[in-house]
Each structure stands twice: as structure tokens, then as C-alpha cells.
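Welcome, and thanks for opening the viewer. Could you take me on a tour of this model, pointing out what to select at each stop?

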Amino acid sequence: MSAGIPVAVAEPGRPRVLIGVQSTGLAGIASAAVIAVATLVAVFGPLLARTDPELPNLSLAWIGPGGGHLLGFDVQGRDVLSRLLVGARTSMLGPLVVVIVSVVTGTGFAVVAAWRRGAADAVISSGLDILFAFPGILLAVLATAIFGAGLPAAAISLSIAYMPYVARVLRGAALRERSQPYVAALEVQGASASSICLRHLIPNILPLIVAQATILFGYAMVDLAAISFLGLGVQPPKPDWGVMISENQTGIVQGYPLPALAAGLCIVAVVIAFNVLGERLFERAQAGRG
Amino acid sequence: MSEPAAASQTVAPAPAAAAAPLLEVEGLTVRLRAGGAMQPVLRDVSVTIRAGEALGLVGESGSGKSMTARAIDRLLPDGAEVDGSIRYEGHDVASLSGTGLRQYRNQVAMIFQDPRAHTNPVRRIGDFMTEALRTNLGVPGAEANRRAVEMLEQVGVGGGARRLRQHPHELSGGMLQRVMIAAALLTEPRLLLADEPTTALDVTTQSEVMAILDDLRREFGLAMLFITHDLELAAAICDRTAVMYAGQIVEVRSSDRLHDDPLHPYTAALAAARPDISRTAARLLAIPGRPLSAFEAPAAECAFAPRCAHAQEACRAALPELAELDGGLSRCRRASELRGRLGTASDG
Amino acid sequence: MLLASLLVASFVIFAATYLAPGNPIAALSGGRSLPASSVHVLEQRYHLNAPFFTQYWYWLGNALHGNLGISITLRENVSTLIASRIWTTAGLVLYASVLILVFGIGMGLAAGLRPGLVDTSTVVLTAISAAIPAFVAAIVLILVFAVKLGWFPAIGNGTGVLDDVRHLTLPALSLAVSSLAIVARITRAAVREERERDHVQTAISRGIPARQLIRRHVLRNAAIPITTIAGITIASLIAVAAVVETAFSLNGLGAYLVQSAQSKDLAVVQGISLLLVTAFVVVNLLVDVLYAMLDPRVSLGSRAA
């Protein structure tokens, strides 16, 4: 560069691409591995299960591990391992739906509020503030009263309850991004609002969105399992990890803790994995912004 | 490194210099942990400040000027390796602890660059100003407040006791910096370390705050280490000016002679790069390349050589020493032969 | 804002139960067929033929006067039914809150102020416990402390104050576990962040002694995010209490709410939902107030995201 007057160049937003799980450290890799296993099980579970997870056989109730049944039998004489494998499906699918719906809608509201600012922002923010008054479980209870118990109702209610949290975090990030010089440069060049948002603004806050979604998955899993535990979500005899804990709770005091504990462990392991990964991604998203 | 023999070169009507220097830094080398290894940030830095004397420390980003002040004030991050010595009134600063250290901190006050970041946002101004007085010097609250109000008047911040009850976010940057200056002066220090005190302020406020700082310094007879990237500013208010590059001192000169008769190509280049409003130029001068930090600079050559218009073979052969020349110090081995050709007379 | 939230919340609650399928007459009569005159009387009394908003208005008015209707299944005043259960839930939430504040903040402070073993072990421990949902904690605690060790009872409410506390210990612990971990993590992060701040450097450069430094500059400033997270997690306890009450067969509002939702006892659902939402909003309001008190830069009603 020849000696001349340095000029600040308006640089169109280069999306700070999520470089990949590999660079997030050992804990990050371990978490990703756990998540990968859980996902595979969720997809292929029914194929892996050797025994019918839903067929009760009371004569086998509470028998411990042995003879090809690694985790023994549950309260109704069903193979615990098979139920865990098949139950992974609902236990993972539910949170997935919740995360997708709440993140997509949350991002939408956040970006609109950040872009338009002024009245639109005020309206959206007030709306979000009101939604904050509803804890997820409460909404699920109300949904049950209207629609009856079941996973879809629970998932929708949780999505509605989570959306304001996503929107609040992303609104802040979107506002910061909005005030970057490159956005003004693009506007001056005549780019439309939607094209700027879709092609520049959102990609630039994408690391934060992904991090938030990952952390949210953990929370959704816990809440959905809790709702199923209460009998308001997935209904027995379907094998869902939350349901399994509820069904086998009596075993704890009777001296057969394994089925309930096994289901609990699955939940905790996957949630820890999502929390750890989510936090790593969050740190990297913050660092990328600075 | 030898102490400059140019003790009598202070030109301004300075008070009669004390026999021994107030602050002596000798051979200061500091390494910090970065990227898994210990990297140098300061290399063999030596400066001396006498009582009542103002020394300017000029350099670009990464030159190590802030680090020098922090080293003097013992504010280096944990795990920093420090070689060389820092002596205040003859005492070794590094070995101070407990009461001795606290007394030292009362005598040496530091003013920071960004006043807003350096004041606690949840505490009141009065708290901020009188904290050291009440904690270290045992001054009772009411008396401390009274002194604070008086000092605020001196820096041009009115409002008296009401001002003491305000919070930092209620004041503008310029006012906050004046408050910081006032707070620093309350413990009656003998040495002020001013780390780019006006860089974060807008231009009009800059000159106001500079004027206040300069006035008060002279009024109280304080010594000052004034850190800045602005060569002209340092030369304007300091008796002597030191120039740093890549973690090393490259020149020390009395301020009035610095501009016309610099002893190092870097100093000359810095002075020439500043646009002069009274002249028309077809092109702004800039020093080619970019400034090096200490850990990027090669250990066995002149760090400025790659960017220097006057560099020769010998400059890259070995690290030049800081040598005395005509009342100043220079780290350029061609300093004496280049004299007269480095000043504003020769541009480009 | 508070009132608006509550109003909208009450509206949503009412609308939700209004939309629920089922014939109110049949519900009120318990499935028996009634003579037309009785039906007419019921319709009048409960405004069953009035338009939606009128019904909402009556319901809200009644609610504000403490009249929350009648439980279909138990045939008692909802208010009475709530009153008899409210202390279980309140006690549970309070107990858990104390645990969270004392141990959560305590651990966070210890980890934030002392690097080394205390810090690392806290980080690992909290990473794990933050992921333990209340009901999983419940079964583990029951297994260890009730079945194996016999220190605490596994289910039920207990009789008398001291026995109540004993019965509430495991439930409170289950409720507190994951929130405690989160509070500890945030506390640790906040303390560590404050220690790195520039204004702390200023205080150091003036020779302020370490203890005072920590107290007046690090902790005082860290109190802001710590209070916020503590408040938020405690507010969330209100909803999760339902899970713990169910797991431990406690006779609390949460468990009762769940049962009522399943048996479609709508008046109860409405009443308890309204109460819980109000409590939730009030706690959040308290957090806002505390935040404004702690941070002079912030005026009431604008808690930074």
C-alpha cells in the first residue's frame, strides 16, 4: 500500500462462519460425540431394539440385568434397554421441534424489531415482555386442559414459552449488528431491507443463533421430559425417557432403582452434552464479535 | 545503560533539580505470556525522572509506552516476568510490600486513558475521589470531602458537594477525566504517570484537560511521565521527551531540540508525518510498513531498520546501543553522521 | 407493564379454559341430566350464555374478590382448596430459594475468588448438576437419602412444623439442584469478570487493600448480574415445583394443578394458573426493583437484556 491517506473501507458483512466442532476443545468434542450417538439412536432406535418395547409381561417385572437384557426389566416387564433405545426418538424429537419453532420465530421477531426500531420494536418488545409472564410448564398445563395431554401440545406450548428468550437475546445482537457501518453502506447502495437482513445481518449473528439453539435444546429436553413425567406430554405406554421415570418411580422405594435411573442418566448425559457444547459455541460467538 | 550526563540541559525555568533522581528505571525488560510462550513487551528500557521534571514518552501502538507506566506502578498482569530495576527515591520498587507499597502508591499516582472504564460505575464520585484518603491516610470523611471539593474547583469542575454525590455516568468524558486528575492529586503524590489522558476525549476537551494537567503539575511541582502518541503534544508540555519503538527507547532529547534536531530517524519520521496546516503538500508523508511490537522485533538488529530510509548493512548486523550524543540519547548508530539531515529540513 | 402482563395473562388463561372442549352444564351437573328449569338457573348464575367478554369480565371480577369458582370434582370453593395447599408450595419454594442463595452464591464466590482446585471442581460440579432436572434429582435423592440411608422420608407432607421441614428437605433439594448450579456458574463468571475490569486497576494503583478491593469494587459490582440470575431462577421455581410435588406426592398447588388439568376441572386450573402467573410476575418485578437499586445507571422498568 503506497503512502497515502488511510481510509476506512466499508466492508460488506462477511459471515463469521462457524468453523466447526473440531476446534472447540476436548469437552466440546466429547459433547458432540454424545449428541451424535443420541441422534443415531433416535433415528435407528427401533431397529436396534431386540425386544418389543411396548409389550407388557408382568411375570418379568423388575427382574434385573442378565441374559441379553443388559438393563433388566421395568415395572411392566418390558426390556429397559429396548425402551431406552426406542424412547430416544420422542425424547430427542420433541426438543428439536421446540428449538426449531422457537428459534425461527424468535429470530424473526428479533430481526424485525431490530431493523424497524421505533414503534415496531416497542410493540414487539412489549409483546415479548407479556409472554415472559408464562413459564413453559404452565403453558403446557393449560394446553393440556384444552387439547388433552400429548406431545404436540406440549411442544407447541414450550415453543411459545421459549420464543421470548430467544428473541430478547437476538434482538440485542441484531441491534448491534444493525448499527455496523457496513449495513449503512449497503442501504446507501440501494439494497433492500430483506436482502440485507437475509444475506448479511442474519448470517453474521448466526453463530450466536446456533449457540443459543444448542443451549435451548438442553432446556427443552429437560422441560419436555418433566412434562411427560407429569403425564401431560408423551403418554404411557409409549417409551419416552421422561415417561419411563414416572412409570418406574415406584421401583425406587421397592428396591429396583435401575429402570428409572437408567432413563434419568440418559437425559442427564444428553443435556450435559448440549449445555457444554452450547456454552463453547456461545463463547466462540462472543469472541468472534469482539 | 548509563544515565544521561545531560542533567544540566533542562532549558525551561525548572526548579533547581534535586541531586538524586526521583525515579530511575534501568534495563527494564518485561515478558508476558502470549500464545503459550513468554514474549517480550519491553526491552532494556531505561529512563530517569527528576523531581518536578516532566518526561514525555512517545510511541505508536505496541511500542510499549503504556506497559512502561504499568511496570512502574506495579500493575503488570500476573505471571509477568520482570528484569532490570525500578527505583523510586533510591528504593527498589519491586521489593516493596505492605505499608511500603501503599506509601509508594500514594506518592506515585496514575491517570488512565479511558476515564469511564476506569471509574466504578456504581459508586459515587465522592467515594471514588476520597477512597484512598480515607483508607490509606486515615483522613476522616468530612475532611476528605472538603479536600475533594477544593481539588475539583482547581480542575474546573464546579458543583461542590452535589458533584460528589453524582455517579460517573452523569458526567461527560472530559469532566470525568478532570475528576480523575483531581482524585490523583488528592494524595499529594510526587510523581504522576499520565497514560494518554486525553486520547479518548474530543479535540476541544483535549486542550482544556491538557492545560489543566500542565498547570496543576507545575503548581504542585510534580514530576510527570506523560505518555502519548503525539510527539508535538509531548514536546509542548514536557521538559524532555523519550521516543519508544518496538519496546525499546530509541531517543531521549530535550523537547525544544527534538523537532529541529532529532537524533533518530524514527523521531524525524514521526515529526514529518504529522500534517502541517501551514504548508501545502501534494502527498501526506507516511512511514512505510507498520510499527512493530516488541515481540515481533528481531533481537539482534535495529528494529527500525526495515522501515528506515537511512538503513545500512551495519544496522542489521547487531542491536544498536543507546548512546549519548549532544545532550541526548540515541539508538541509531548513524546518529552523529545523520545529524542535520534528519530534521524537518529534509522531507521525503 | 406489570398490570398489563397480568391482565393479558388472565385473559389468556380464561380464553384457554373457555376453549376447552366439554359442556359446562354437564360438568356442573356431574353428568346427570337435569330438568330444564335447573339448567336455566345454572345458565343464569354462571352467565353461560353470555358473550365471551362478558364471561371474562365476570370471571375476572370474581377472581379479584377472591371468588374463583367451584371445583367440579371436589365440589368446594376453589379458593378454599387453594388456601389449604398454598403453604406446602410456598414452603417448598422458599426452602429451595434459601438453598439456592446460600449454596449457589456461596460456591460461586468461592470459585470466583480463589483460582485452583476449588475453582476447577466447582466448574465441573456445576456443569453436571445444571443438567439434572428436578425429577431426576428427586429419584436419586429418594434412592440415596430415603431408601438407602433413611435420613429423610420419601413422600408426603408431614405433620407439624418441624416434621414439615423434614418432609420438604428432599423435595427442596431436588428443586434447587439445577438452579443452584446455574446461579453458582453465573456468580463465578460475574466475579471473575469484575476482577478484570479497568476500574479495579485504578483502585489497585491507589493502594486500596485487597480485602476492601474485593468487597467494594468486585463484589458490589458483581451483585448486579448475580441478583438478576438469582431472581430469575427463583421465579422459575414456581412452575417447576409442580414436578417436584408430583414426584414426592406432596399436597401442593403444582401437583393439584396437574391433576386438575388431567381431570378437566377447569375452575381449579384457572384459579391456580392465575395465582402462579401473578406470583411469577411479582417476583420478576422484585428483581427489576432490586436491579434498579443496585445499578445507578438504570431506571426502573428497563432491565437490560
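Predicted model: local features only at pLDDT ≥ 70, side-chain atom pairs only at ≥ 80, totals over all residues.

Next, select strand β4 (residues 81-88) of chain B together with β5(B); the two pair in the antiparallel sense, over 2 bridges.

**Over to chain C**

Colour chain C by secondary structure: it shows 12 helices and 0 strands. Its C-alpha trace spans about 85 × 50 × 30 Å along the principal axes. Of the 305 residues in chain C, 45% are buried. Take contacts in chain C between residues at least 6 apart in sequence, and 72% of them join residues at least 24 apart.

**Where chains A and C meet**

Finally, show chain A beside chain C; their contact takes 38 residues from chain A and 46 residues from chain C. On the chain A side, the elements giving two or more residues are α3 (118-131), α4 (136-147), α5 (151-178), α7 (193-229), α9 (249-254) and α10 (258-289). Select α10(A) here, as it gives the most to this side, with 9 residues. Colour the chain A side by residue type, and you will see 29 nonpolar, 7 polar and 2 charged residues.

Note on methods:
Residues numbered from 1 in each chain as written. Chains lettered and ligands numbered in written order. Contact = placed C-beta atoms within 7 Å. Helix = DSSP H or I, 4+ residues; strand = E, 2+ residues; numbered from the N terminus. Nonpolar A, V, L, I, M, F, W, Y, C, P; charged D, E, K, R; others polar. Pairing = 2+ DSSP bridges. Buried ≥ 20, exposed ≤ 12 C-beta atoms within 10 Å, placed from the backbone.
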